[in-house]
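Good morning, colleagues. Please look at the sequence and the structure first.

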Amino acid sequence: MAHERDEKLAETQREHWQSTYTAHPGMYGEQPSDPAVHAAAVLRTAGARDVLELGAGHGRDALYFAREGFTVHATDFSATGLRQLTDAAQAQDVAGRVSTAVHDAREPLPLADDSVDAAFAHMLLCMALTTKEIHAAVAEIRRVLRPGGVFVYTVRHTGDTHYGSGTAHGDDMYEHGGFAVHFFDRDLVEALADGWTLNEVHAFEEGDLPRRLWRVTQTLPR
């Protein structure tokens, strides 16, 4: 019963994002997010050359990574968002450094083991994913990263204004305005870093509410 409920929520969220990107092309603007700017500096210092972005949407961060000289593998479950990303990559003359794939974070990544230097996910892991699905997604990221690979991600946490309000879906998930969010506590961050080096958990705010997030950086052993 719980599985059917989670599947229904996932499908509802997929349809909501598709319609949102269709109604609001480039909804997040062209400027990169602050976490992406930070991540680019971290990845450059680590010697990364290619980066996997999960939940790339219409591509403001993927395009920034490409402009900064990285080869980018961008994934999202919205084909509409990725089409906008591809069009923008051509317009910005970085199409040769960007590849896209429609991908649901609940499924295995379409990449080989040990095939990318780094991964980035801005608020992807705090979408409508169960704790079990989040662990599975991070295990997939670990699989595709090379030894010494860096993973930078952001999530809304349980100190956020919206935590505990709206439509409850269980497992620390709450829905506001059609968007479901899995709010992270510190124990979940620590659990996802098991077997990694947890380099940083940085608290910051974003948007008008404001949303309260953590920016997490963790590294695989060599």
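A residue is called exposed when its relative accessible area is over 50%, buried when it is under 20%, and partly exposed in between. Please bear in mind that this is a predicted model.

By that definition Arg 49 is exposed, because its relative accessible area is 63%. The residues of strand β1 give another picture. Strand β1 covers residues 50-54, and five of its five residues are buried, so the strand is largely enclosed by the rest of the structure. The burial applies to both faces: Asp 50, Leu 52 and Leu 54 are buried on one side, and Val 51 and Glu 53 are buried on the other.

Which strands pair with β1? One is strand β2, residues 71-76, which runs parallel to β1 and is joined to it by five bridges. In this pairing, Asp 50 stands opposite Thr 71 of β2. The other is strand β4, residues 116-122, also parallel to β1 and joined to it by three bridges. Here Val 51 stands opposite Ala 118 of β4.

I turn now to the charged side chains. Side chains of opposite charge can pair when their charged atoms come close. The structure contains 13 salt bridges. One of them joins the side chains of Arg 49 and Asp 117, at 3.9 Å from N to O. Arg 49 lies in the loop between α2 (34-45) and β1, whereas Asp 117 lies in strand β4, so this pair ties together parts that are 68 residues apart in sequence.

Is Asp 117 buried or exposed? Its relative accessibility is 14%, and therefore Asp 117 counts as buried. The side chain of Asp 117 also meets that of Arg 146 in a salt bridge, at 2.6 Å from N to O. This pair, too, links distant parts of the chain, with Arg 146 in strand β5 (residues 145-156) and Asp 117 in strand β4, 29 residues apart. Arg 146 is partly exposed, with a relative accessible area of 27%.

A further salt bridge is formed by the side chains of Glu 206 and Arg 211, at 3.2 Å from N to O. Glu 206 is buried at 16% relative accessibility, while Arg 211 is partly exposed at 23%.

Finally, salt bridges with shared partners join Arg 49, Asp 50, Asp 117 and Arg 146 into one network.

How values were computed
Residues are numbered from 1 along each chain as its sequence is written. This is a predicted model: local features need pLDDT of at least 70, side-chain atom pairs count only at pLDDT 80 or more; totals for chains, interfaces and linings use all residues. Side-chain values use heavy atoms; hydrogens and water are left out. Buried means under 20% relative accessible area, exposed over 50%, partly exposed in between (1.4 Å probe, protein chains only). Helices (H or I, at least four residues) and strands (E, at least two) are DSSP runs, numbered from the N terminus. Two strands pair if DSSP finds at least two bridges between them. A salt bridge is a side-chain nitrogen of Lys or Arg within 4 Å of a carboxyl oxygen of Asp or Glu.
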